[in-house]
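Q: I would like to learn how to read a structural model feature by feature. Could you take me through one, giving the general idea before each case?

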Amino acid sequence: MMNCQNVKLQDQIIINNLLAVHYFPCSENIFFPGGSHRFWEFLYVDQGEATVTAGNQMHLLKSGQVIFHKPMEFHHLWPGSAEPSHIVRVAFECTSPSMHFFDNRILQLDEEDRSLLARMVQEARALYVSPLEDPGLAQSEFRQNAPFAALQVLHLTLELLLLLLIRKNGILQNASSDLGIDMPDGGCKRDSGSEDILTAVLRYLETHVAERLTLDEVCRSNHIGRSCLQKMFRERVGGGVMEYFGRLKIEAAKQAIQEHSGSFTEIADSLGYASIHYFSRHFKKITGITPSEYAASVRVRAEGLHTSAGPLDRCASFYPKQ
């Protein structure tokens, strides 16, 4: 007789309550007041463009992009151009820790993701009495002739979409570990997905170059263990995480000096330095000269001719091979 072992499922995403699924036009004739609420929401641009605020940030979303709004984040939507756009809005309650992956996220959906989203819209049309085209209407009344288990299919499809988005966009997976917990060395081995994880972290550091990040904040925001990230950086980048982040700040400072975009004090403040003195010391430590010497040198003109590089290319320039 076969021996069967009980395996406890680890549900990384559980939708507690699906509140709304809308598919609506967004044009200059329609007004969407800004606001915040206690549930998650994402907006997907199916056609056209849309301008979205998230907290104190403003974004222009193109067709195929989705933005996530975490609970209590103020957000606002209006057309991105004179041409009308079409938006999919999904609102839901979820307390799973893995949802923090979507904090401040804008993602590009692929064909598989769009098919799942289309299935959700299809199921919602068959389930709800109120039309999906009016985002102001609450969706609480179900059709009497709704398909069997339509609401459950909606829940499951949304959970699958969220899980696949996490898997595809840089999360280090380990079947025996929860997200955000340090993994054994085996979880950090270089494989086909490790470069995607590294790229995601590098882009995160670039996006937050004006902030005062700590290593713990970087790990928490990218759902990766501290020891795993440090090992990955040593093996793939050649230096430390925060050392790389500091060099990013200096690169941004050099660019600002080249463009004459402010005084040294203003540049230091815009990049999160505590004082102009700390900024100057750090600048000289990295470049070998002070900000004033750099501004007056030929190097500032020569480096201004360089084209921008991607994050992995920038690693090579920061840590050249011996």
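A: The protein chain contains 11 helices and 8 strands, where helices (H or I, at least four residues) and strands (E, at least two) are DSSP runs, numbered from the N terminus. This is a predicted model, in which local features need pLDDT of at least 70 and side-chain atom pairs count only at pLDDT 80 or more, while totals for chains, interfaces and linings use all residues. Residues are numbered from 1 along each chain as its sequence is written, and side-chain values use heavy atoms, with hydrogens and water left out.

Q: What is the average pLDDT of the protein chain, and over which residues is the pLDDT below 50?

A: The general idea is that pLDDT is the predictor's confidence in each residue, from 0 to 100. Here the protein chain averages 82, and 79% of the residues score at least 70. Over residues 172-187 the value is below 50, although this stretch has 31 contacts in the model beyond near neighbours in sequence, a contact meaning heavy atoms within 4.5 Å. Residues 189-195 also stay under 50, and for them the model has 5 contacts beyond four places in sequence.

Q: What percentage of the residues count as buried, and what share of the contacts comes from residues 24 or more positions apart?

A: Buried means under 20% relative accessible area, exposed over 50%, and partly exposed in between (1.4 Å probe, protein chains only). Of the 322 residues of the protein chain, 43% count as buried. Among contacts with a separation of 6 or more, 72% come from residues 24 or more positions apart.

Q: How do I read strand pairing, and which strands pair with β7?

A: Two strands pair if DSSP finds at least two bridges between them. Strand β1 (residues 17-26) and β7 pair in the antiparallel sense over 9 bridges, and β2 and β7 likewise pair in the antiparallel sense, over 7 bridges. Phenylalanine 92 in β7 stands opposite leucine 18 and is also the bridge partner of tryptophan 40. β7 itself is mostly covered, with 7 of its 9 residues buried.

Q: How many aromatic pairs does the structure hold, and which parts does the pair of phenylalanine 42 and phenylalanine 68 tie together?

A: Rings of Phe, Tyr and Trp (its six-membered ring) pair if their centres lie within 6.5 Å; planes under 30 degrees apart count as stacked, over 60 as edge-to-face and the rest as tilted. The structure holds 10 such pairs. In one of them, phenylalanine 42 and phenylalanine 68 are tilted, at 5.3 Å centre to centre and with 50° between the planes. Phenylalanine 42 lies in strand β2 (residues 40-47) and phenylalanine 68 in strand β5 (residues 65-69), so the pair ties together parts that are 26 residues apart in sequence. Both phenylalanine 42 and phenylalanine 68 are buried. Phenylalanine 279 and phenylalanine 283 form an edge-to-face pair, with 5.9 Å centre to centre and 65° between the planes. These two, phenylalanine 279 and phenylalanine 283, are separated by about one helical turn because they are 4 residues apart in helix α8 (residues 276-287). Phenylalanine 279 counts as buried because its relative accessibility is 0%, and phenylalanine 283 is buried with a relative accessible area of 0%. Ring pairs also link Phe42, Phe68, Phe92, Phe101 and Phe102 into a cluster.

Q: Which residue lies over the face of phenylalanine 101, and which over the face of tyrosine 273?

A: A charge sits over a ring if NZ of Lys or CZ of Arg is within 6 Å of the ring centre and within 35 degrees of the ring normal. Arginine 105 lies over the face of phenylalanine 101, at 4.0 Å from the ring centre, and lysine 249 lies over that of tyrosine 273, at 5.8 Å.

Q: Which residues of helix α4 are buried, and where do they lie around the axis?

A: In helix α4 (residues 215-222), the buried residues are Leu215, Val218, Cys219 and Asn222. They cover an arc of only 95° around the axis, which puts them on the same side of α4; the arc is that of the directions from the helix axis to the C-beta atoms. Histidine 223, which follows α4, has a positive phi near 55°.

Q: Where is asparagine 104 placed, and is this residue buried or exposed?

A: Asparagine 104 has its place in the loop between β7 (85-93) and β8 (106-108), and its phi is near 60°, a positive value in a residue other than glycine. Asparagine 104 counts as exposed because its relative accessibility is 54%.
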